[in-house]
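Hi everyone, thanks for having me. Today I'd like to walk you through one protein model, step by step, so please keep the picture in view while I talk.

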Amino acid sequence: MKAFVFWLTLSSMLIATFVVPFSAQATEPSPPQNKAKDRIGTYDSRAIAVAFAGSAAQRKMMEPLKVAHKKAKHAGDHVEVRRLEAEGKALQDKAHRQAFSTAPVDDLLEFIADALPEIRRAAGVTTLISMWDEKMLARYPGAEKTDVTDALVDAFQPLERQRKTIAEIRKQKPLAPDKMKH
């Protein structure tokens, strides 16, 4: 029952959350030459998604969509209202995949791009990789891994309730991507 309440609470928190995709990547595209001496920063992507939900960056990103929806509704433009609602639903579905499963959050890390160099420097890492990205992690065999989840979360300045949700979600296994509704 406790797990159900946790998932229900997190799902409710994310219902109003949408995520705009960005093409920029927060990870380094190719590994350095000397893989044995690499230090990589790993993170739980679900924690990043929860920290982003409700953040100032998320609210700022959502404002144009909300304004356009309100304008279309006021103008009686039902086609545009439906298009915007479909866009919102797609963004919500993506946010759920990011928070409950292992979907990449590179688009969310773009919102804290200015903080990433300092986070890397402070942790002594050259790149950031989701702990769930087995393909990218395999490119760094023998690399020392340092968890930088907390530093990335802090950059979003989450509320205390988000921090509690993040702590709980990190105790759970992510849902399999094929179990997520699209």
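**A walk through the helices**

Let me start at a turning point: after helix H3 comes Gly76, and its phi is positive, near 75°. Before going further, please keep in mind that this is a predicted model.

Staying with H3, this helix has 20 residues, and from its first C-alpha to its last it reaches 29 Å, close to the 28 Å expected at 1.5 Å a residue. Where does H3 bend? The bend is at Met62, by about 35°, and a proline, Pro64, follows within four residues.

Now look at which residues of H3 are tucked away. The buried ones are Gln58, Met61, Met62, Leu65, His69 and Ala72. A handy thing to remember is that an α-helix has 3.6 residues a turn, so residues three or four places apart point the same way. What do the buried residues of H3 pack against? Their partners are H2 and H4.

Let's step back for the overall layout. The protein chain has nine helices and three strands. Read from the N terminus, the order is α-β-α-α-α-α-α-β-α-β-α-α. Of the 182 residues in the chain, 42% are buried. If you take contacts between residues at least 6 apart in sequence, 84% of them join residues at least 24 apart.

Next, the inside. In soluble globular proteins, nonpolar side chains tend to be buried together. Here the largest nonpolar core has 30 residues, and Tyr43, Ile48, Leu109 and Leu152 have the most contacts inside it. Several helices give two or more residues to this core, including H3 (56–75), H4 (78–100) and H9 (160–171). H2 gives the most, with six residues.

Beyond its neighbours within four places in sequence, Ile48 is in contact with Tyr43, Val105, Leu108, Leu109, Thr149, Leu152, Val153 and Phe156. Apart from this core lies another one, of six residues, among them Ile40, Ile129, Met136 and Leu137.

Leu137 lies in helix H7, residues 134–137. Is Leu137 buried or exposed? Its relative accessibility is 14%, so Leu137 counts as buried. Leaving out residues up to four places away in sequence, Leu137 touches Ile40, Thr42, Ile129, Ser130, Met131 and Lys145. Thr42 is 95 residues from Leu137 along the chain, yet their C-alpha atoms are separated by 9.0 Å.

Finally, how do H2 and H4 meet? Two packed helices are described by the angle between their axes and the distance between the axes. The axes of H2 and H4 come within 6 Å and cross at roughly 130°. The two helices are therefore oblique to each other. On the H2 side the contact is made by Ser45, Arg46, Ala49 and Val50, and on the H4 side by Gln98, Ala99 and Phe100.

Ser45 has a relative accessible area of 1%, so it is buried. Setting aside residues up to four places away in sequence, Ser45 touches Gln98, Thr102, Ala103, Val105, Ser130 and Trp132. Arg46 also counts as buried, because its relative accessibility is 1%. With the close sequence neighbours again not counted, the residues that Arg46 touches include Gln98, Ala99, Phe100, Trp132, Ile169 and Pro174.

How values were computed: Residues numbered from 1 in each chain as written. Predicted model: local features only at pLDDT ≥ 70, side-chain atom pairs only at ≥ 80, totals over all residues. Heavy atoms only, no water. Core = buried A, V, L, I, M, F, W, Y, C linked by side-chain atoms within 4.5 Å. Buried < 20%, exposed > 50% of the residue type's maximum accessible area, 1.4 Å probe, protein only. Contact = heavy atoms within 4.5 Å. Expected span 1.5 Å × (residues − 1). Bend = angle between axes of the 7 residues up to and from the residue. Axes fitted to C-alpha atoms, helices over the stretch in contact; angles between N-to-C directions. Parallel < 35°, antiparallel > 145°, perpendicular 65-115°, else oblique.
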